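The sequence and structure come first.

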Amino acid sequence: MHIVICIKQVPDSAQIRVHPVTNTIIRQGVPTIINPYDLFALEEALQLRDRHGGEVTVLTMGPPMAEDALRKALTYGADRAVLLTDRHFAGSDTLATSFALSQAIAKIGEAFGTPDIVFTGKQTIDGDTAQVGPGIAKRLDLLQLTYVAKIVSVDINGREITVERRSEGGTQTLLSKLPCLITMLEGTNEIRRGSLDDALRAARSQIVKWNAADAGIEDLTKCGLRGSPTVVKRVFAPPERPEKAEQIDTAEKTPRDLAEELIAGIFLRQPALESELAFDGEA
Amino acid sequence: MLSTNRESPPPAVGRAAMKKELPDQFKDHRHVWVFIELERDQVHPVSFELLGEGRKLADKLGVQLAGVVLGPPEEATWFAVAEAFAYGADLAYLIEAPLLADYRNEPFTKALTDLVTNYKPEILLLGATTLGRDLAGSVATTLLTGLTSDCTELDVDADGSLAATRPTFGGSLLCTIYTLNCRPQMATVRPRVMAMPPRGNNKIGRVIRHKVSMIEEEIVTKVLGFLSDGQSETANLAYADVVVAGGLGLGAVENVKLMKKLARTIGADYGCSRPLVQKGWMPADRQIGQTGKTIRPKLYIAAGISGAIQHRVGVEGADLILAINTDPNAPIFDFAHLGVVTDAIRLLPSLTELFTHRLSPHSRDKLAN
């Protein structure tokens, strides 16, 4: 089977700082990582390949430096990496991104075999939109299986797949067909430690680099800023609250004293709470 | 997922500043729609929160607010329609069909897309739930229109465009996004981000019924089963009235139980900040903040949480925020109401003990006497 997994190189959000005057992201010196949610999808793809045979192609769209993320994915054991990079993609919103990626996936299909499954992570940690997966599915007319917690079974010859999908308040078990697009839920597996062989192979591998034309994109108006229906008009820091917390003086007080003051403070501000807080008798 | 936001936020120039006129084919798009999320006979409360927001937008625009209900031909579907009116809708669009009984992407995308194409709303709002996000992405791509997810503020500007504000870069910044040249302007909002509007006694108004243009045989995906999380296991954190949460200030995984014990004592639900999930101390569904759950409790106790913006956006709606942190400069004190600079690990057991005493039935009887 052939599996394509889409990943994104993101700034390590834990280390993002905002310039206090210009309100822009300070990118200098911020390390980049593979979007953590994508690793669950990558591991799932690798496990399916290990079980059923075939190949895993990892795809990303981004600047040339996104090659680092692809090489990292190869060290985990992916078979092939494709970097979609072109300045025409700059400023893409989710609709333009899903267009470019779906074109590239179609091209990957022509070059390396039609994918049976396309994976993405649940969302990215920098955009958090969770829209690109569904966007790709719709554009490639793939069956869409989002928030998948478990792939129960895949029948490659019968073209059937059964998954458990997180839904509101429970888990839905779905029977669907290949080819499909799966967005993988977090915490569903743990990314493997790549083997030494994979590390060596990753270092030697040629990464396939495609610009828009290579990916078969003819209509550049569907790409980048021009192909994006949404426009970011304003970026700003959250407004400061006028009032700060009223601090309880801690000088020479035991935790018990502080607890007493805090509880008094809570009920002073919210008297109704006292009758609402439930005591379960076991604490 | 891939490039879900811009590589770097472009400055407010270009189309936004040019204010190109809306293309002719979209000029007859009018009215505000809210997708009413109905699953297993229940309307998700986020739908009512959205009706509250949608009402404000519709009033500003001088247009109508419609609830969109997709469901099986059963009582619960009609109940959802009635509820949409009770929470402020002027009219409702309804598609009833057995194939809409359980949520599946294919029939729901088809049904909602059909409605939009036929009745042309200018704004379409959905809850940012697993269902809403699954559906919104498909519908927006089918219609080739803009979709702004996880909005924290919705407004219309002077020329009637939807200004959708959302956190970006993990909540470090906010950005306001417009869909200038396409309709409808789509947005999702997470549960509890918007306040629950009061339920009115509005009578059922005009209901526009539409037929589904699909048959079950055309739908590939079948639902084999559904396993409910069950009441006890559910982290229904978003809707809890009282929440206790812990952060890195708890110091060690063993101390998580101190926080949980306080929560149990006062009948609260519990959660954590992102680092505890990353460390594996708490499951992801307990995370509070921009990438986790948004809460609006009456009381929120944050133990050892520094209060990064990513956390702040998830808790700001709480009526009373109590913060415990050793660092007097922790940002959480900028938005908490009551603060104490001390070690949460030492304070939590005392809080639990004193709450136990104060809330025990025995002491309550004494108070009553």
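## Domains of chain A

The C-alpha centres of domain 1 and domain 2 of chain A are 47 Å apart. The domain assignment places domain 1 at residues 2–222 and domain 2 at residues 240–277 of chain A. The model is a predicted one.

## The ten-stranded sheet

An open sheet with mixed pairing is built from 10 strands, in the order β13(A)-β7(A)-β6(A)-β1(A)-β8(A)-β12(A)-β9(A)-β10(A)-β11(A)-β13(B). Its edges are β13 (208–210) of chain A and β13 (222–228) of chain B; each has a single partner strand, so one side of each has no neighbour in the sheet. On average, neighbouring strands of this sheet are turned by 30° against each other, direction ignored.

In general, strands of a sheet pair through backbone hydrogen bonds, in either the parallel or the antiparallel sense.

## Helices across the sheet

Helix α2 (residues 67–76) of chain A lies across β6 and β7 of chain A, at about 165° to β7(A). Which residues of α2(A) are buried? They are Ala69(A), Leu70(A), Lys72(A), Ala73(A), Leu74(A) and Tyr76(A). These buried residues pack against β6 and β7 of chain A, and also against β2 (9–11), β5 (32–34), α1 and α5 (196–204) of chain A. After α2(A) comes Gly77(A), with a positive phi near 125°.

## Contacts between chains A and B

How many residues of chain B are in contact with chain A? There are 98 of them, in contact with 96 residues of chain A. Helix α10 (residues 344–359) of chain B supplies 10 residues, the largest share of the side of chain B that touches chain A. By class, that side of chain B has 44 nonpolar, 37 polar and 17 charged residues.

Strands of the two chains also pair: β15 (residues 246–248) of chain A and β18 (residues 338–341) of chain B run in the parallel sense, with 3 bridges between them. Here Gln247(A) stands opposite Gly339(B) in β18(B).

Methods. Residues are numbered from 1 along each chain as its sequence is written. Chains are lettered from A and ligands numbered from 1 in the order in which they are written. This is a predicted model: local features need pLDDT of at least 70, side-chain atom pairs count only at pLDDT 80 or more; totals for chains, interfaces and linings use all residues. Two strands pair if DSSP finds at least two bridges between them. Helices (H or I, at least four residues) and strands (E, at least two) are DSSP runs, numbered from the N terminus. Axes are lines fitted to C-alpha atoms, for helices over the stretch in contact, and angles run from 0 to 180 degrees between N-to-C directions. Two residues are in contact if their C-beta atoms, placed from the backbone, lie within 7 Å. Domain bounds come from an automatic or database domain assignment. A residue is buried if 20 or more other C-beta atoms lie within 10 Å of its own, exposed if 12 or fewer, and partly exposed in between; C-beta atoms are placed from the backbone. Ala, Val, Leu, Ile, Met, Phe, Trp, Tyr, Cys and Pro count as nonpolar, Asp, Glu, Lys and Arg as charged, and the others, Gly among them, as polar.
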